[in-house]
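Subject: Structure handover and notes

Dear colleague,

I am passing on the structure we spoke about, together with some notes on what was found in it. Please have it open beside this message as you read.

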Amino acid sequence: MYSSEEIAVSTGRSATRMGPAELVQAAAMARRFYLEGKSKIQIAEEFGVSRFKVARVLETALERDLVRIEIRVPAELDAERSDALRAHFGLRHAVVVESPAEAEESPDPENLGEVAADLLGELVAEGDVLGLAWGRSTIHMAAALDRLPPCTVVQLTGVYDAGTAERGSVEAVRRAAQVSGGDAHPIYAPMLLPDAATAAALRHQTGIARAFDYFDKVTVAAVSIGSWEPGISTVHDMLSEEERARYASYGVAAEMSAHLFDRDGRRVGRDLGERCITVETDRLRRIPEVVAIAGGQRKADAIGAVLRSGLVTSLVTDTAAADHLLAGPPSPRPALDRADPDD
């Protein structure tokens, strides 16, 4: 979807040793093979030669620049960085987009959501259950959705602020369901509660319990990543100064869906999860495809931490974050292993 191949057939600068008849025949064979999709056997039958002769002609055409193969992607996508990042962390998919000029000041630019929306259009199949976690990038993604096969859409976390639900994750779930024509299962509850008892009581309420029942059925999920600093982590901003200091003392480097991680991808501050309305990490790890959407140099270390957690299979990010991630050591375990660093 993001790449296309263009085959150009010409008389070529390096083809001077081929006679005119050879040039014409090679060009015709190349057109049949590269542009028309005919097999070497079909071409051999048409020209009255062996398929081995066809193979030699095609090979010579490439060597002498009679045929040029160009792989092009849209300007905003960086195919080289994408492939390098995929291999570096052992991901299923990595899509890197060009960072805007203000990337360092504005993590998760809106174009990440637009690209993630197109990626979901590729990954989601009819009958799937799509899970959406709260985050600015997932909200941007939902707003950019213009195609999805029929699927059920479920909210994976509570909302950052119940008063802004219409502009946040609830609306994102509704939007995705509207595009797909499937059922929506939103969660009308705050993400963070005052204590574990209140959170447990809310989880048993009918509407919330119904959404939680779908967590084990989710086949594709989209999540956001936050680093542990003001304005870039939803959870950080919801906590008191004392609580922030306590979790910072545990070495927290990243937050995803109200779960905290250190630089090595290990979960820290697990008591926080007991106060939150969110998908549990063991359920998240069982979801076949988990796409993280996060970018900006300020989030790069947090992205790396979550990629080491074994909870994410694919990533949509930008060049600013990708360059920082590629400069570091490769992940000790491929993300697709889904291995828990604590095990």
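This is a predicted model: local features need pLDDT of at least 70, side-chain atom pairs count only at pLDDT 80 or more; totals for chains, interfaces and linings use all residues.

Enclosed spaces

When the whole structure is searched for cavities of 30 Å³ or more, two are found. The largest cavity has a volume of about 130 Å³, and 15 residues line it, with Trp134, Gly135, Ser224, Thr234 and Glu255 lying nearest its centre. Sorted by class, the lining of this largest cavity consists of seven polar, four nonpolar and four charged residues.

The second largest cavity holds about 40 Å³ of space, and its lining is made up of Phe261, Gly265, Arg266, Arg267, Arg270, Arg285, Ser309, Asp340, Pro341 and Asp342. Of the residues in that lining, six are charged, two are polar and two are nonpolar.

By class, the lining of the second largest pocket divides into six nonpolar, five charged and three polar residues.

Cysteines

How many disulfides are there in the model? The count comes to zero when a disulfide is taken as a pair of cysteine sulfur atoms within 2.5 Å. Cysteine 151 has a relative accessible area of 3% and is therefore buried, and cysteine 276 likewise counts as buried because its relative accessibility is 1%; the cut-off applied in both cases is under 20% relative accessible area.

Glutamine 42

Glutamine 42 sits in helix α2, which runs over residues 40-47. Is this residue buried, exposed or partly exposed? With a relative accessible area of 43%, glutamine 42 is partly exposed, because that class lies between the limits of 20% and 50%. The side chain of glutamine 42 reaches the backbone nitrogen of serine 39 at 2.9 Å. As for arginine 32, it stands 10 residues from glutamine 42 in sequence, while the C-alpha to C-alpha separation of the two in space is 9.1 Å.

With best regards

How values were computed. Residues are numbered from 1 along each chain as its sequence is written. Side-chain values use heavy atoms; hydrogens and water are left out. Helices (H or I, at least four residues) and strands (E, at least two) are DSSP runs, numbered from the N terminus. Buried means under 20% relative accessible area, exposed over 50%, partly exposed in between (1.4 Å probe, protein chains only). A polar contact is a pair of N or O atoms within 3.5 Å; within protein, one must be able to donate a hydrogen and the other to accept it, and residues adjacent in sequence count only if both atoms are side-chain atoms. Ala, Val, Leu, Ile, Met, Phe, Trp, Tyr, Cys and Pro count as nonpolar, Asp, Glu, Lys and Arg as charged, and the others, Gly among them, as polar. On a 1 Å grid over the protein atoms alone, a cavity is a set of points where a 1.4 Å probe fits but cannot get out, and a pocket is an open set with protein on both sides within 12 Å along at least five of seven lines; lining residues have an atom within 4 Å of a point. Grid points are joined across faces, edges and corners, and a volume is the space filled by probe spheres set on the points.
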